[in-house]
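The tour below moves from one selection to the next.

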Amino acid sequence: MNLLAFDLGASGGKLFLAVIRDGEVSIRDIHRFDNISYSMGNGLYWDILNIYREMNRGIKKAIELTNDQIDAFAIDSFSNDFGLIDREGALLSPVRCYRDVRTQRHADKIYNTISKERLYALSGNQNALFNTFMQLAAMQEDGHGFLLDHADKLLFIPDLLLYYLTGKAITEYTLASVSQMYDFRKDDWCQEILDSYHIPRRLFGTLTRPGTLLGRTSESYNRQMETKGFPVAVVCEHDTASAYLSSPLTSGCALISCGTWALIGTELPSCVITDEGYQANLANEGGYPGHHRLLRNVMSSWFIQETRRYYQEHGEDYSFSELGDLAMEEEPFRFFFDPDDPRFYDPGDIPGKIRAYCREHFGACPETVGALVRCIYESLAMKFRWTVETLEKVSGRSLPVINMMGGGSKAEILCQFTANASNRKVIAGPDEATAIGNLTVQLVAIGAAATLEEAKSMLAGAFPLREYLPKDAALWDRHYQDYLRLLAQK
């Protein structure tokens, strides 16, 4: 059996080929590419044409490697961003990036039209500038509502790509659930939120649950790719939902899907929409049936990615491991910052922004590369602890173990610092968590596994796990009190 999983992240895309033979599983990435956003004028855009081209390059490799024997294909990606198509499938406008500043420009006006409190009460989603609702409301405020009037469908990025493979326009449930336009209680779109900015319900495709077999690739696509075609499955297309499914832990734990963002949460039987959750800006997010998430977004590897990019642009090319080594040579606990400070949301000169923050709060700043990176990792670990403790308070559940998954789990310094700061055991892995979750649901969709648990057992052991125990917990706790005082200065 040959399965393909396309995992699209904010910094890159990867196509994985899973080969399952006689109970043996082999999973490897066969194609990778960089994915970056481009600024043009006052907008920030994804290169959706390049994403489509690179995805097809990976699929072409898979066709050759498997002798055109592909049993299923599925996509997961970041959420909220979308394309608009007409009835013939033409893309009506470029695809904006969730960091586009248009939502910042209009945030006050939008929240005056429908308040943050009301949005949270109706959707249970966190209030964040990147939400799909905020993007659509900003479009209306910019005078671009005519695009919505003339569009036939709004398709989230994974659904947009699947449309060009199959000709079928759907809206996958996990992506809908984090759009800030979905009502968990009614299990449907929230008409009050849609009406607040004249968003037509007809724009959304058939709401489709993960674990569904969408169909086969279209004849036109097969001719283009010189393939006999293959089945296309609908998985948890929101990458966080896929990542959480890969966890080896089942309950009573905190889960951190750690990439550009750290999605810190826990799985619960149903949504929790309370005033405490609103005050902490916790998000309710849908997943595979029975896997509802309560979580909070914290910017994570973004700081290291942007710092590395900054120094590359200035002639100093450090690997991620080299940055970690430099950090360990520096004096600990000299500087902290709050990863949620709004100044860090926009790309560009992250080192300068961190140093400015530290000068404001400490009267000095990390001058060397190593000191800067140590400041980043210590600040992230402290914010991870704060978030896990907040989740415990709101959910009423103890979370004594943390499972860190995704690319960030490969950073030993971050895993160890998180264990130290939280005084909790950290289990790291799988590092390709989204791909594992994607493949898990594919197995159910094509009938190769009867249940999610059976599918997970088939893939168990494909990636090794690592364990980190707390060190110097009392010392870290003393400095955590300093960190709490820093957060209170807002």
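## Start at a buried phenylalanine

Select Phe384: its relative accessible area is 0%, so Phe384 is buried (buried means under 20% relative accessible area, exposed over 50%, partly exposed in between, with a 1.4 Å probe and protein chains only). This is a predicted model, in which local features need pLDDT of at least 70, side-chain atom pairs count only at pLDDT 80 or more, and totals for chains, interfaces and linings use all residues. Residues are numbered from 1 along each chain as its sequence is written, and side-chain values use heavy atoms, with hydrogens and water left out.

Phe384 sits in helix H15. Helices (H or I, at least four residues) and strands (E, at least two) are DSSP runs, numbered from the N terminus. Now show what surrounds the side chain. Leaving aside neighbours within four places in sequence, Phe384 is in contact with Ile256, Cys258, Ala262, Ile264, Val298, Ser300, Met404, Leu414 and Thr418. Contact means heavy atoms within 4.5 Å.

## H15 against H16

Colour H15 and H16. Their axes are 8 Å apart and pack at an angle of about 45°. Axes are lines fitted to C-alpha atoms, for helices over the stretch in contact, and angles run from 0 to 180 degrees between N-to-C directions. That angle makes H15 oblique to H16. Angles under 35 degrees count as roughly parallel, over 145 as roughly antiparallel, 65 to 115 as roughly perpendicular and the rest as oblique. The crossing is right-handed: a crossing is right-handed if the near helix is turned clockwise from the far one by less than a right angle, and left-handed if anticlockwise.

Show the side chains next. From H15 come Arg374, Tyr377, Glu378, Leu380, Ala381, Met382, Phe384 and Arg385; they meet Ile413, Leu414, Phe417, Thr418, Ala421 and Ser422 of H16. By class, these are nine nonpolar, two polar and three charged residues. Here Ala, Val, Leu, Ile, Met, Phe, Trp, Tyr, Cys and Pro count as nonpolar, Asp, Glu, Lys and Arg as charged, and the others, Gly among them, as polar.

## H12 and its partners

H12 brings Phe303, Ile304, Thr307 and Tyr311, and H15 brings Val369, Leu372, Val373, Ile376, Tyr377 and Leu380. That contact has nine nonpolar residues, one polar and no charged.

H12 and H14 have axes 8 Å apart, at an angle of about 115°. On the H12 side, select Trp302, Phe303, Glu306, Thr307, Tyr310 and Tyr311; on the H14 side, Ile350, Pro351, Ile354 and Arg355. The contact of H12 with H14 has seven nonpolar, one polar and two charged residues.

## Aromatic rings

Rings of Phe, Tyr and Trp (its six-membered ring) pair if their centres lie within 6.5 Å; planes under 30 degrees apart count as stacked, over 60 as edge-to-face and the rest as tilted. The count comes to 28 aromatic pairs. Zoom to Phe303 and Phe344, an edge-to-face pair at 5.4 Å centre to centre, with 80° between the planes. Phe303 is in H12, while Phe344 is in the loop between H13 (320–328) and H14 (350–362), 41 residues apart. Phe303 is buried at 0% relative accessible area, and Phe344 counts as buried at 0%.

Then look at Tyr311 and Tyr318. They are edge-to-face too: 6.1 Å centre to centre, 85° between the planes. Both are buried. For a cluster, select Trp46, Phe78, Tyr98, Phe130 and Trp261.

## Backbone stops

Most residues other than glycine have a negative phi, and most peptide bonds are trans. Go to Gly429 and Pro430, joined by a cis peptide bond with omega about 0°. Pro430 lies in the loop between E21 (425–428) and H17 (433–445). Pro430 is also one of the residues touched by Gly406.

Next, Gln180: its phi is positive, about 70°. Is Gln180 buried or exposed? At 0% relative accessibility, Gln180 counts as buried. Finish at Glu226, where phi is positive at about 55°. Glu226 lies in the loop between H9 (219–225) and E15 (231–234), and at 64% relative accessibility Glu226 counts as exposed.
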